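Reader: Could you walk me through how to read the fold of this protein? I would like to begin with the sheet and then turn to the core.

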Amino acid sequence: MNNEKKFVPRLIAWEITRSCNLDCIHCRAAASKGPYENELTTEEILRIMHEIKEVGNPVIILTGGEPLLREDVFFIAKKAVELGFKPVLATNGTLINDEIAKQIKESGIARVSISLDGASAEAHDNFRHMPGAFEGAIRGIKTLKKHEIPFQINTTITKQNLEEIPKVHELAKSLGAVAHHIFVLVPVGRGKEIKESLTPEEYEEILNWFYEQREKTTLQLKATCAPTYYRILRQRAKAEGKKVTFETFGLDAVTRGCLAGIGFCFISHVGIVQTCGYLEIPCGDLRKQTFKDVWENSEVFNKLRDFKNYKGRCGRCEYIRVCGGCRARAYAVTGDYLEEEPLCTYEPAKKV
């Protein structure tokens, strides 16, 4: 099945290293200091970037672990820019000093995302299992600001920090962020060890709150690993008599909730491709296959692209094209990535 025309990669999260200087309770990769064996070499990364170019021109998120622990991170970013990609950097912020900030700017990295999961040292450091993580992240943010590098705040939402989210949002505004992206926890990696999960009602409530911030902020807002948001957005807009168009709702009007395998994929530190970092099913090996081969021919990718394969409420939902349910959360909870989204409360109009 050839999907080249219809399905184009728009975002690729690339775990250029799994090594990390923190030990976060929710970490997808259960990353630690490392070193990790057999990570992709610089040459392999450059080859894969050329292969990606044959299929599309996605934003490439240089992530980890902690990508700043990789010595060639800025060389990789420069090569990405030369190829016409827009590289962005996802970091915990604690390693950013003046010298690193200068290198970020010189490399052509378009934006930096820094994770803040609490609005105070106590809340963030508990979440990150590392005293000083909050202070380090704030110091990194202020250094980016000084060097006029655009940055966004990413926040993972769990039951533990639910009360912190509005405070983090206000902090993001006061720090001068250009965007606030929320990520609803998917229970994989160390995230599986978090005993208490969000209830579907809490999930719905926080996404409604996030929708309500649209008119109150100048920040760009994006909900990730929370496809239900795109159903809520349309329900709320309809109730308010608003049309959902690019002019009225920006990128939210033209994107989809779960992009896994549709407009997004993940490349691991050893070159394994997944539909996303949280859906832990290998879909290809870039040491043995080209990116084009994996993107167009992966069985998992192609099953996700045919919405007739989706099961349960997701399979009969009128919002399937704009939401799709979190495939990784479905897999983590049920063992089947085509099952219904476990956190969604919505009962589709269509009965079977």
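**Reading the sheet and the core**

Author: Happy to. In this predicted model, ten strands form an open sheet with mixed pairing, in the order E7-E6-E5-E4-E3-E2-E1-E8-E9-E10.

Reader: Which strands stand at the edges of the sheet?

Author: Strand E7 (220-224) and strand E10 (284-285) do; each has a single partner strand, so one side of each is left without a neighbour in the sheet.

Reader: How do strands pair in general, and how do E6 and E7 run?

Author: Strands of a sheet pair through backbone hydrogen bonds, either parallel or antiparallel. Here, strand E6 (residues 179-184) and E7 run parallel, joined by five bridges. His181 stands opposite Lys222 in E7. As for what packs on the sheet, helix H5 (residues 133-146) touches strand E4 (111-115) and strand E5 (151-157), and its direction makes about 160° with that of E4.

Reader: Now the core, please. Which residues touch the most other members?

Author: The general idea first: in soluble globular proteins, nonpolar side chains tend to be buried together. In this case, the largest nonpolar core has 96 residues, and Trp14, Ile104 and Leu116 touch the most other members. Helix H7 (residues 200-212) supplies the largest share of this core, six residues. Among the contacts of Trp14 are Leu40, Ile45, Met49 and Ile267. Apart from this core lies another, of six residues, including Cys317 and Tyr319.

Notes:
Residues numbered from 1 in each chain as written. Predicted model: local features only at pLDDT ≥ 70, side-chain atom pairs only at ≥ 80, totals over all residues. Heavy atoms only, no water. Pairing = 2+ DSSP bridges. Helix = DSSP H or I, 4+ residues; strand = E, 2+ residues; numbered from the N terminus. Contact = heavy atoms within 4.5 Å. Axes fitted to C-alpha atoms, helices over the stretch in contact; angles between N-to-C directions. Core = buried A, V, L, I, M, F, W, Y, C linked by side-chain atoms within 4.5 Å. Buried < 20%, exposed > 50% of the residue type's maximum accessible area, 1.4 Å probe, protein only. Lists of a residue's contacts leave out its neighbours within four places in sequence.
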